[in-house]
Amino acid sequence: MAAPTRHRHRWRRRLGALARFIGALALVGGIYTGFAPGIYADEPDKEFEKLAAEGKELYDNSCVSCHGPKAEGVDGRGPSLIGVGGAAVEFQVNSGRMPMARQEAQAERKQPMFTPKEAEALAAYIQQLGGGPEGVTDEEIDALTGDLSDTEIAEGGELFRVNCGSCHGFATGGGALSSGKYAPALEGVASDEIYEAMLTGPQNMPVFANAQLTPEEKVEVIAYIEYLNEDRDPGGPLTLGRFGPSTEGLAIFLVGITTLAVATLWIAGKS
Amino acid sequence: MKRRKFDMKQLPGKVGNELDDRFKLASPARKLMTKVFPDHWSFLLGEIALFSFIVLLLTGTFLALFFEPSMVEVKYDGVYTPLKGMEMSKAYESTLHISFEVRGGLVIRQMHHWAALLFVAALLVHMGRVFFSGAFRKPRETNWIIGCVLFILAFFEGLLGYSIPDDGLSGTGLRIMSGITESIPLIGTWAHNALFGGEYPGEVIVTRFYILHVLLVPGILLALIGIHVGLVFAQKHSQWPGPGRTEHNVVGFRMFPNYVSKQGGFFMLVFAVIALMGGLFQINPIWLFGPYEASVVSSASQPDFYVLFLEGLVRLFPAWEFTIFGYMVPAVFWPAVIGMGVAFTVPIFYPFIERRFTKDKAHHNLLERPRDNPTRTAVGAMVTSIFLVTTISGANDVIADQFNISLNAMTWAGRIGIVVVPVITYYVTHRICLGLQQHDREVLSHGIETGILRRDANGRFYEVHQPLAAPDEHGHTELEYNGWVVPKKMNRVGALAPAVKGFFKPIEEDTNGEKRAIESSDDKKEVGAGRH
């Protein structure tokens, strides 16, 4: 009886080893699964990839002729979009600048061709290609600008005059740059677009990265711009476009001198 | 007690007598009140300047009660939210205080600025009238020179006023003034340091400019305006030629009551226009410019319109720098200093320049219509065109931005324009003057075009002309060309009753139009006298 007993023992011993091995594997695997940033944790990425795929489709239809099939840019037509980030895409598309109507000195603001949702998809595609600063939403900025103190708005004004006024003008009315380029007026521009513009430096605008203007400072600048654009003209209903002395000079001749010249005719005529 | 009878009717006479007994006023007052002024709309342009100067003195006095010309740094604690807690000079702070906290302060500040622009604009228009009518000729050269000096003073007075609020825009302007001063060879740096009390911006410039702006320059302006108007009285006003008007008389209205009431009414109108603009049109919104800092320069930083031509010259002039004896003369010296010098001195000498060419040494109390001196008119139009091209170029960035034109294209258009436009303007103006003269002469010799077409027995069409005098056997009239309005519409000489008179509405009801048609010789005289 010894032999079968021994046999049974060896079999049992082997079975036990297998169980221990499986147990160890399960333990290690379990620990690994528990700690490792496993592929299963990226569940939202599925959605992002879906969005990016939608974006690629839009891109291939509307952007590819100028920015190239892999967004690497086409010489003389459009720059490379690798690394520009979703913020740049959302700014350009939501403000209607992209797609451009024609090749000219500068893309101008117009009726957007894509819905904000489509712009988001395009942004996701470009973001996926090369990273870069991501877009923000209007609500996010408005929530931040809403509860700024007077001093913070004043600081925003100071920052605006130092950093922005030299192109956009003292009263956000915009101004000319060389060779047909210009700094656009900021009236009626959504706050998220201003934020994205500062972040990405579209066209001729310099980039105001977070190291130059912190996000808090950017929000202060936006708050100041919004303050100015809320029709605050204590000097009278006719602002003459807030262009400064050039339109004032025009007004004194068109209104003042003309009215009084007619008055001289009237007075000298009554004789 | 017997009550003394008080006769109201005798009161003015009595008061006059009492005054005359003491001050000997009757004779000079009669002379003044019976003085005759010719009546023409173009003679009222100078008054716009005079009246806006009075408004400037009134509003300026109000502002001076609240303005503090000091560059001491303070922290803003006023009502204007977006400047709360900002560091700024006392001058800027007090200007904000005037604008937002002083009752009526902003409207008075705006009126002051509009009155300043109107003052200089009216000076220019008035100078144009005097120039184009030849009123500066002997014996009135002195008054022309005084007028030119008044313009130069007004120019600097405006510049000083623009600088003292110490806002971002005025500081930028001041920086340009400092640069222009420094660009003068040899004395530039010294002049600059003397003016600013050291390096720009220093701590005294606002205080210095303030005293110049409120005391010295207005004082000289006031004195010169007194002499200017006094000379018009002493030399008598020039008049347009016309029937009954000679070099030795003045045809017009007496000072009292006619002229005085018109002038009083006109002052009210000028005041009204300034007040209206001060209340409706926003001007110089200093709260938007912010306090001055050297690092803050806004786009579209322009001077007031009368300085814009210099700004334009600087923008158009190429960046040529010369080194003479090892000293560099900056490019800005030529357009700014030389340009300003030419713009200010050539007009002063113009009466003598013209006399040198025409050799005309006679007295002139009768004016010349622009068309009757084509060369002078063409020169004037040419200078005006240069002024316009440079002024437009001074604002070329605003124009480029608003009309979607390339700024570079604007600059080059200005560079080409400043060479080509004056030449074309000269030629075209000269031709237009000759053409107008010729048409006048044609009417004098052939009569007025009636617009009535006739066809004779041969089938030929011709227009009927109404001769101004009895024609000779060729249908020509020999009327002398005397440099005054020639009637060009048929009804003005009596084929029809003249339209009801008055600029906006008739002074009286036109009851006897029929009768007037018959007595039409009267109308002819009235037109000839140019009282329209």
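Start with the surface of chain B: it exposes about 28300 Å², and carbon and sulfur atoms supply 65% of that area. Keep in mind that this is a predicted model.

**Whole chain.** Select chain B and zoom out. Its C-alpha atoms fill a box of roughly 90 × 90 × 45 Å along the principal axes. Colour by secondary structure to find 18 helices and eight strands. Of the 532 residues, 46% count as buried. Among contacts with a separation of 6 or more, 73% join residues 24 or more positions apart. Now colour by charge. The 50 positive and 47 negative charges have mean positions 10 Å apart.

**Nonpolar patch.** Select helix 16, residues 407-446, where Ile424(B) sits. Ile424(B) belongs to a nonpolar surface patch of about 880 Å². Other members include Trp412(B), Ile416(B), Tyr427(B) and Leu436(B).

Next, pick Lys138(B), in the loop between helix 5 (105-132) and helix 6 (141-163). Lys138(B) is partly exposed, at 31% relative accessible area.

**Salt bridges within helices.** The structure holds 23 salt bridges over all chains. Go to helix 1, residues 11-23. Show the side chains of Glu18(B) and Arg22(B), which meet in a salt bridge, 3.1 Å from N to O. The two are four residues apart, so about one helical turn separates them. Arg22(B) is exposed at 58% relative accessible area, while Glu18(B) is partly exposed at 41%.

Move to helix 4, residues 90-100. Here Lys90(B) and Glu93(B) form a salt bridge, again with 3.1 Å from N to O. They are three residues apart, about one helical turn. Lys90(B) is partly exposed at 22% relative accessibility. Glu93(B), at 18%, counts as buried because the cut-off is under 20%.

**A bridge between loops.** Now select Glu368(B) and Arg137(B). Their closest N and O atoms are 3.1 Å apart, in a salt bridge. Which parts of chain B does this pair tie together? Glu368(B) lies in the loop between helix 13 (333-358) and helix 14 (374-394), and Arg137(B) in the loop between helix 5 and helix 6, so the pair links parts 231 residues apart in sequence. Arg137(B) is buried, with a relative accessible area of 8%.

**Last stop.** Select Arg369(B), Arg371(B), Asp372(B), Asp440(B) and Lys488(B). Salt bridges with shared partners join these residues into one network.

Methods
Residues are numbered from 1 along each chain as its sequence is written. Chains are lettered from A and ligands numbered from 1 in the order in which they are written. This is a predicted model: local features need pLDDT of at least 70, side-chain atom pairs count only at pLDDT 80 or more; totals for chains, interfaces and linings use all residues. Side-chain values use heavy atoms; hydrogens and water are left out. Buried means under 20% relative accessible area, exposed over 50%, partly exposed in between (1.4 Å probe, protein chains only). Contact means heavy atoms within 4.5 Å. Accessible areas come from the Shrake-Rupley method with a 1.4 Å probe; for residues, only the protein chains shown count as cover. Lys and Arg count as positive and Asp and Glu as negative; His and the chain ends are not counted. The place of a charge is taken as NZ of Lys, CZ of Arg, CG of Asp or CD of Glu. Patches are made of residues with over 30% relative accessible area and no salt bridge: like charges are joined within 9 Å, nonpolar side chains (Val, Leu, Ile, Met, Phe, Trp, Tyr) within 5 Å. A salt bridge is a side-chain nitrogen of Lys or Arg within 4 Å of a carboxyl oxygen of Asp or Glu.
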